[in-house]
Amino acid sequence: MEQERKLVDFLNAKVEAYNKFSFIAADPISIPHRFSRKQDIEISGFFAAIFSWGNRTTIIRKSTELMQAFDNSPHDFLINHSSGDLRRFLDFKHRTFNATDLLYFIDFLSYHYRSNKSLESAFTCGLQKQDKNIEKGLIYFRQYFFSLEDAPSRTKKHISSPESNSTCKRLSMFLRWMVRNDKQGVDFGIWKNILPSQLICPVDLHVARVARKFGLLTRQQTDWQAAVELTNYLKRLDSMDPVKYDFALFGLGVLEKF
């Protein structure tokens with residue numbers, strides 16, 4: 001019991017160290033922080049999260065490049081662009097994400113925002129308040145995202161789902177940004193129909209390594225079940241806001257190379 005208390009105190013100290021305004025500048029969350037309109041925060045945050053694998057400097061640079069191509073008004077562009085405006089994206093590429101993928105993302109987001117005020121509804125249609133976590137919402141989102149005619153098969157690898165046992169790290173991170181609201185100025189808390197307690201901790205190899213070192217995670221595969229196991233342990237530490245510990249685990253694993 002004493003050992004767990006020390007662990008909790010240690011992790012809480014790390015959350016406090018990283019969950020503050022100075023964390024933003026070097027992180028992809030800096031992209032949506034450039035905007036004030038809810039829809040622009042959602043769209044820019046969604047792309048920044050989807051681009052979030054590899055070097056953080058490159059992620060921020062490519063996200064910035066895309067927002068500039070959207071004339072730094074992504075929602076307005078999605079709603080009002082003409083087919084000719086899409087030519088500017090034909091050479092866009094970030095790792096395995098290319099112009100084919102981007103044009104479909106634009107097509108879907110344009111379709112969604114023409115009948116919805118927020119991207120939140122793309123997740124909550126598959127979710128109920130009594131659900132323990134966001135799993136059903138993520139499954140629904142992927143099905144909805146690729147429901148448009150002629151969705152490219154190659155693009156489907158960019159939106160993960162618990163159905164394929166993916167950790168869904170990037171979508172989980174995006175949801176953390178949109179849902180958590182602790183007044184610290186990092187996460188936005190602009191979505192009100194998903195509970196912070198329903199979020200799943202974003203898990204990549206770095207976070208999983210740290211979690212196993214601390215005994216927070218026993219599963220050896222880094223997959224959806226591992227993300228759920230880790231989050232369930234974190235709920236023992238804070239049942240209402242378990243994903244705040246993402247700051248600690250990410251900071252230890254990526255920034256401190258623990």
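Phe 145 is buried, at 0% relative accessibility. Phe 141 is buried too, also at 0%. This is a predicted model.

**Aromatic pairs**

- Phe 141 and Phe 145 both belong to helix α7, where four residues separate them, about one turn of the helix.
- An α-helix has 3.6 residues a turn, so residues three or four places apart point the same way.
- The ring centres of Phe 141 and Phe 145 lie 5.5 Å apart, with the planes at 50°, so this pair counts as tilted.
- The count of aromatic pairs comes to 31.
- Another of these pairs joins Tyr 104 to Phe 145: the centres are 5.8 Å apart and the planes meet at 65°, so the pair is edge-to-face.
- Tyr 104 sits in helix α5 and Phe 145 in helix α7 (residues 135–145), so the pair links distant parts of the chain, 41 residues apart; an angle over 60 degrees is what makes a pair edge-to-face.
- Tyr 104 and Phe 145 are both buried.

**Salt bridges across the chain**

- Side chains of opposite charge can pair when their charged atoms come close.
- The model has 16 salt bridges.
- Arg 236 and Glu 4 form one of them, at 2.8 Å from N to O.
- Arg 236 is exposed, with a relative accessible area of 54%.
- Glu 4 is partly exposed, at 26%.
- Lys 14 and Glu 256 form another salt bridge, at 2.9 Å from N to O.
- Lys 14 lies in helix α1 and Glu 256 in the segment after α11 (246–255), so the bridge ties together parts that are 242 residues apart in sequence.
- Is Lys 14 buried or exposed? Its relative accessibility is 19%, and the cut-off for buried is under 20%, so Lys 14 counts as buried.
- Glu 256 is partly exposed, at 33% relative accessibility.

**A network of charges**

- Asp 241 and Arg 180 meet in a salt bridge, at 2.7 Å from N to O.
- This pair also links distant parts of the chain, 61 residues apart: Asp 241 is in the loop between α10 and α11, and Arg 180 is in the loop between α8 (169–179) and α9 (205–213).
- Both Asp 241 and Arg 180 are buried.
- Which residues are linked in a network of salt bridges? They are Arg 176, Arg 180, Asp 182, Asp 187, Asp 241 and Asp 246.
- Arg 176 also lies over the face of Phe 247, at 4.2 Å from the ring centre.

**Helix α3**

- Helix α3 covers residues 56–69, which makes 14 residues.
- From first C-alpha to last, α3 reaches 20 Å, close to the 20 Å expected at 1.5 Å a residue.
- At the start of α3, a side-chain oxygen of Asn 55 comes to within 2.8 Å of the backbone nitrogen of Thr 57.
- After α3 comes Asp 71, with a positive phi near 60°.
- The buried residues of α3 include Ile 59, Ile 60, Leu 66 and Met 67.
- Lys 62 is also among the buried residues of α3, and its charged end sits over the ring of Phe 92, 4.9 Å from the ring centre.
- What covers the buried residues of α3? The cover includes α2 (38–50), α4 (74–80), β1 (93–94) and α5 (99–113).

**His 81**

- His 81 lies in the loop between α4 and β1.
- His 81 is buried, because its relative accessible area is 17% and buried means under 20%.
- A polar atom of the His 81 side chain lies 2.9 Å from the backbone oxygen of Phe 77.
- The backbone oxygen of Leu 78 is 3.2 Å from a polar atom of the His 81 side chain.
- Leaving aside neighbours within four places in sequence, His 81 is in contact with Asp 76, Leu 86, Ile 106, Ser 110 and Arg 114.

Notes. Residues are numbered from 1 along each chain as its sequence is written. This is a predicted model: local features need pLDDT of at least 70, side-chain atom pairs count only at pLDDT 80 or more; totals for chains, interfaces and linings use all residues. Side-chain values use heavy atoms; hydrogens and water are left out. Helices (H or I, at least four residues) and strands (E, at least two) are DSSP runs, numbered from the N terminus. The expected span of a helix is 1.5 Å times one less than its number of residues. Buried means under 20% relative accessible area, exposed over 50%, partly exposed in between (1.4 Å probe, protein chains only). Contact means heavy atoms within 4.5 Å. A polar contact is a pair of N or O atoms within 3.5 Å; within protein, one must be able to donate a hydrogen and the other to accept it, and residues adjacent in sequence count only if both atoms are side-chain atoms. A salt bridge is a side-chain nitrogen of Lys or Arg within 4 Å of a carboxyl oxygen of Asp or Glu. Rings of Phe, Tyr and Trp (its six-membered ring) pair if their centres lie within 6.5 Å; planes under 30 degrees apart count as stacked, over 60 as edge-to-face and the rest as tilted. A charge sits over a ring if NZ of Lys or CZ of Arg is within 6 Å of the ring centre and within 35 degrees of the ring normal.
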